[in-house]
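These are my notes from a reading of one structure. I began with the sheet and then turned to the salt bridges.

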Amino acid sequence: MVPVDKVGIVGAGAAGLTLAVFLADAGIEVEVLEKGAGFTTLGSGITLQGNALRVLRDIGVWPEMLKKGYPSDSMAIRAPDPDATVVVELDDVRTGGEDLPASLGMYRPDLTEIVRARAERAGAQVTYSTEVTGVEQSDDGVTVTFSDGGQRVFDLLVGADGINSTVRRLIGINVTPAGTGAGAWRAIVPRPAEITRSELIYGGPRYIAGYCPISTGWMYAYIVEPAQDRDVVTDWPELARLAAQYGGPWQGIAGAITEDTAVHYTQFTTHLVEGDWHRGRVVLIGDAAHNCPPTIAQGAAMAIEDAAVLAAEVVKAHGFDHEVMDRFHERRVPRASLIVRSSVQLVSWLVDEVPNPDVPGVMHEVAQTVKEPA
């Protein structure tokens, strides 16, 4: 068993920062290494379901999240007709427990800032403008080299650096995220008082049009379409044009989209690292190990769960070895695989225009899985 006194975490997203909180609270020295120049206020919305909220509650940030975000216990499906008629209203499952809402919409940078501040209060160090260029392992630890030539040595290195993970490449796991054939526009727009939950339209001009409140004043709206190469700086009028083709609240959304609106575009990709997610003293979590389209709003939740489970196994073992990683892997792979598989399947039904009666069965399996603790 190798003692773990100092851990390096590459990536200051939700997964890396959540892990930093758990480890620092356990008395482990933690440094989060982020290649960005500092905390960003740019980003889109995020929907967090109960299983993610449960972990974030456990690290003590739920009250702050509730002040910033917008909770909901229901959702609605609207028709792609001129009035966007509500055809069904659904009670969401409280997968995190009865003391938490079914979901919370948030501005993603607000979530990152809340968890970053908590990590620093726990004693973790967050270092920006630090790009990892090399990883070398020895009997004594992991030596990490940076773009400026500097180096650090850690007992354990965690790659929480996203879909195009540098750490994944440096440890020889050659995985390339694959396109799914779909992509999404996202925009932050003012929230009308009557919008109090997530609402979706399937069909119409594009695959899906939906929105989710993220605060008392704002919501994020999104349109899922065939994957495109988009330049949000010059193409934002196309989003306004698409929004205007939907009825009901979408008419107001279309009018709110201007050149000053925070607009994003993402092509949906997917991957799942086969076999071990670690090589020696280096392990991958979150999007570095698995990523999926946001069709069931579980990508960030799976990353946050990864952080909680990895921390629990390392702290419980008072160190690190292959058996610790085996336990982490055994707990996470079936759960993450189900989410990746289900998310991709839902996209494929949209792209291929193949109706499938098993959608309720898939969603029931997902709901039952995430209702249980990770």
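**Notebook entries**

I first noted how E313 stands: at 2% relative accessibility, E313 counts as buried. I also noted that I am working with a predicted model.

*Entry on K316 and E313.* I looked up the partner of E313 and found a salt bridge with K316, whose closest N and O atoms are 3.5 Å apart. Both residues lie in helix α8 (residues 299-317), and because they are three residues apart there, about one helical turn separates them. K316, for its part, is exposed, with a relative accessible area of 53%. I then recorded a network in which salt bridges with shared partners join R206, E225, R230, E238 and R241.

*Entry on the sheet.* I followed the strand order of an open sheet and wrote it down as β8-β2-β1-β12-β19-β18, six strands with mixed pairing. The edges are held by β8 (125-127) and β18 (278-279); each has a single partner strand, so one side of each is left without a neighbour in the sheet. I next checked what packs on this sheet and found helix α1 (residues 14-25), which touches β1 (6-10), β2, β8 and β12 (156-159). The direction of helix α1 makes about 170° with that of β2.

In which sense do β2 and β8 pair? I found that strand β2 (residues 29-33) and β8 run in the parallel sense, paired over three bridges. Within this stretch I located V32 opposite V126 in β8.

*Entry on the salt bridges.* How many salt bridges does the structure hold? I recorded 23. One of them joins R57 to D99, with the closest N and O atoms 2.8 Å apart. R57 belongs to helix α2 (residues 50-58), while D99 sits in the loop between β6 (86-91) and β7 (103-107), so the pair ties together parts that are 42 residues apart in sequence. I looked up the accessibility of both partners: R57 is partly exposed at a relative accessible area of 28%, and D99 is exposed at 51%.

*Entry on R78 and E199.* I found that R78 forms a salt bridge with E199, the closest N and O atoms lying 2.7 Å apart. The pair links distant parts of the chain, 121 residues apart: R78 is in strand β5 (residues 74-78) and E199 in strand β14 (residues 198-202). Are these two residues buried or exposed? I noted that R78 is buried, as is E199.

Note on methods
Residues numbered from 1 in each chain as written. Predicted model: local features only at pLDDT ≥ 70, side-chain atom pairs only at ≥ 80, totals over all residues. Heavy atoms only, no water. Pairing = 2+ DSSP bridges. Helix = DSSP H or I, 4+ residues; strand = E, 2+ residues; numbered from the N terminus. Contact = heavy atoms within 4.5 Å. Axes fitted to C-alpha atoms, helices over the stretch in contact; angles between N-to-C directions. Salt bridge = Lys/Arg side-chain N within 4 Å of Asp/Glu carboxyl O. Buried < 20%, exposed > 50% of the residue type's maximum accessible area, 1.4 Å probe, protein only.
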